[in-house]
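The following questions and answers concern one protein model. Please view the sequence and coordinates first.

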Amino acid sequence: MARKRTVVVAGGGIGGIAVAAGMAARGLDVTVVERARRIGTGGSGLVLQPNGVRAADALGPRIGARIRAAGRAARPGEVRVLMDARGRVLAEEPVGGDAGAPQIPVLRAALHRALLDEALAAGACVVLSTAVTGYRVRPGHVAVTLSDGTVTACDALVGADGIHSAVRARMLGDGPPRYRGYTSVRGRTTGSALGQRGHVVNGRGIQLFTAPVGGDTVYWTAKITAPPGVWPAKGPAGARRALLDALDGWYGPVVDLVRAADPADVVVTDIHDRDPVERWVDGRVALLGDAAHPMVPALGQGANLALEDAAVLADVLASPAPVGEALAAYAGERVERAAAVVLASRRQGDLDQGDGAAAERDRNARFASAGRKDADAGGITGWRPRPCRRGPGGPRAGGPAVPVSTVPPVPARPALARPSVTRTKKEATVMEAPHIVLISGSLRPGSTSDRVAQWCARQCAEQGASTRVFTGAEIEFPAYRPGLAGTHAAVTGFLSALRAADGVILVSPTYHATVSGLLKNALDYVNDIDGPVPYLQGRAIGTVAVGSAAQGAVSTLATLRTIGHALRGWPTPVGAAVAAAPEPAGGDGPGPDAQRLAEMVAQVVWLSGTRAGRGGPVLEAVA
């Protein structure tokens with residue numbers, strides 16, 4: 001019988017316990033080493049986004065089920081309320097999306113408990129009151145030094161020991177993390193007048209977030225612009241009192257929410273992150289979660305990305321590949337994805353904070369215009385695990401292989417025609433999960449162009465791509481002039497999203513048989529993308545004209561293709577002209593508009609996946 005692969009996990013946080021549960025379920029011999037005397041007693045709550053829920057399902061169906069039971073899954077049609085400090089509603093943001101992978105607010109202690117139970121049940125060992133202080137990579141093993149002076153040998157070491165990781169310090173020696181200009185005060189309250197709906201409340205220098213976690217309990221986080229060290233020095237009770245003083249004049253139920261919180265449950269943390277790095281692996285040692293990619297909480301993705309890391313790492317270490325190759329594959333799959341989320345979170349944090357009257361007005365106006373809090377969340381939460389890899393012996397001796405994706409099924413849609421694509425064996429090996437940016441050229445909120453862009457985004461996600469949709473309201477930029485992008489935050493975010501894209505889909509209404517001026521002005525800013533890959537060089541460009549006039553649609557598509565070529569992209573052979581967003585197909589199947597739109601999307605996804613796999617343009621991909 002083959003010897004089990006042995007793994008030591010440094011750190012018993014959410015990422016560490018999750019990867020331990022996933023590896024133990026796959027038949028590995030796992031030991032978690034945690035410096036604290038108890039696991040999972042700190043913090044208030046967090047929100048598992050659809051990507052984090054899919055990652056939990058990928059770790060194992062029991063884990064996904066336990067997490068759903070521990071939290072409160074958002075219901076179809078549910079919204080969270082965006083308001084100003086006086087209680088004026090700015091927008092209602094939909095949060096009840098994918099029924100298979102819903103948004104799940106959950107108390108940290110409950111999530112930790114669920115993960116720990118599954119790790120122990122699968123056979124993982126947990127050592128408390130002990131820390132990993134160092135390591136040495138030896139031929140055939142890792143020598144791990146513990147805080148009690150002992151040295152233990154294992155096949156692989158996972159550094160999941162947080163933002164101040166000792167494993168990272170040994171691997172990279174890159175110093176302390178960087179303070180980002182604000183602190184967070186977190187707590188939980190039962191019986192709030194705000195009820196079981198989420199809220200985001202904007203004030204001057206403070207943004208307060210709430211989420212219901214079930215049982216009439218709400219967890220809340222106040223992010224406060226402040227110098228470093230000021231709020232943590234107050235202690236939990238002092239910070240709660242100071243927060244109540246700072247909320248003087250705010251909407252009454254919000255103030256009461258903080259007043260009713262138990263000071264013993266309050267946690268105060270200065271917010272830090274690190275610049276992304278390319279190196280996560282040192283031979284048989286890998287970083288995970290905050291040890292690899294600490295990020296600010298503006299997009300609520302810290303725990304979600306740790307679960308993604310855990311799903312991928314558990315899968316590769318259970319494969320027959322040598323440890324070094326398996327860890328290199330893990331890093332190859334995770335580094336760029338995590339870097340993009342770290343930077344997107346940092347950008348969103350900068351938008352969320354600021355203690356001046358102008359910053360407060362800008363945030364409120366952005367909420368009201370966009371109808372949502374976060375600019376970059378859509379493409380991030382669309383992440384999906386890859387198909388499974390077989391481990392030696394499967395998850396249990398003689399058992400079946402554990403699939404990376406065990407997401408509960410979503411309601412079936414009628415099949416849409418996909419283009420016939422012939423791939424060589426070499427080409428098939430370089431396909432990667434691409435990232436697609438979709439841009440709508442209509443300023444009217446909820447326009448047909450916006451709905452078509454969202455439909456295309458869902459199609460991309462069903463084919464494994466991540467997406468980011470820019471509605472017309474988000475690209476209402478000043479008239480283009482060179483250099484403006486460097487001083488305009490929204491334009492900077494737009495260009496950053498395009499730089500990260502493997503493909504782009506342009507959706508324009510057929511205004512007077514041409515492309516909307518709004519879209520043309522936004523694309524003019526692409527002139528400011530320089531560097532080794534300027535403009536949209538090498539990206540697949542999908543084109544959609546929205547309107548009822550056939551001749552106008554033909555002219556609009558031709559103009560969109562011309563723009564795509566001018567930006568050095570590669571327009572797909574198929575463009576689509578539609579009068580409306582496709583509806584769910586009836587008994588006769590999808591109509592011709594939906595078929596053509598789906599064919600265009602599939603071409604963009606395939607070409608973009610080839611580009612993602614090769615790390616550059618695909619010149620010969622389209623015949």
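Two strands pair if DSSP finds at least two bridges between them; strands (E, at least two residues) and helices (H or I, at least four residues) are DSSP runs numbered from the N terminus. This is a predicted model, in which local features need pLDDT of at least 70, side-chain atom pairs count only at pLDDT 80 or more, and totals for chains, interfaces and linings use all residues. Residues are numbered from 1 along each chain as its sequence is written, and side-chain values use heavy atoms, with hydrogens and water left out.

Q: Which residue is the bridge partner of Leu-157 in β18?
A: Strand β18 covers residues 285-287 and pairs with β11 in the parallel sense over three bridges. Within β18, the partner of Leu-157 is Val-285.

Q: Which residue in β11 stands opposite Val-7?
A: Strand β1 (residues 6-10) is joined to β11 by four bridges in the parallel sense. Opposite Val-7 stands Ala-156.

Q: Which residues of strand β11 lie on the side other than that of Ala-156 and Val-158?
A: In a regular strand, side chains alternate between the two faces of the sheet. Both faces of β11 (residues 156-159) are covered, and its four residues are all buried (under 20% relative accessible area, 1.4 Å probe, protein chains only; exposed is over 50%, partly exposed in between). Ala-156 and Val-158 take one side; on the other are Leu-157 and Gly-159.

Q: What is the relative accessible area of Ser-516?
A: Ser-516 sits in the loop between β21 (503-509) and α15 (517-524). Ser-516 is buried, because its relative accessible area is 1%.
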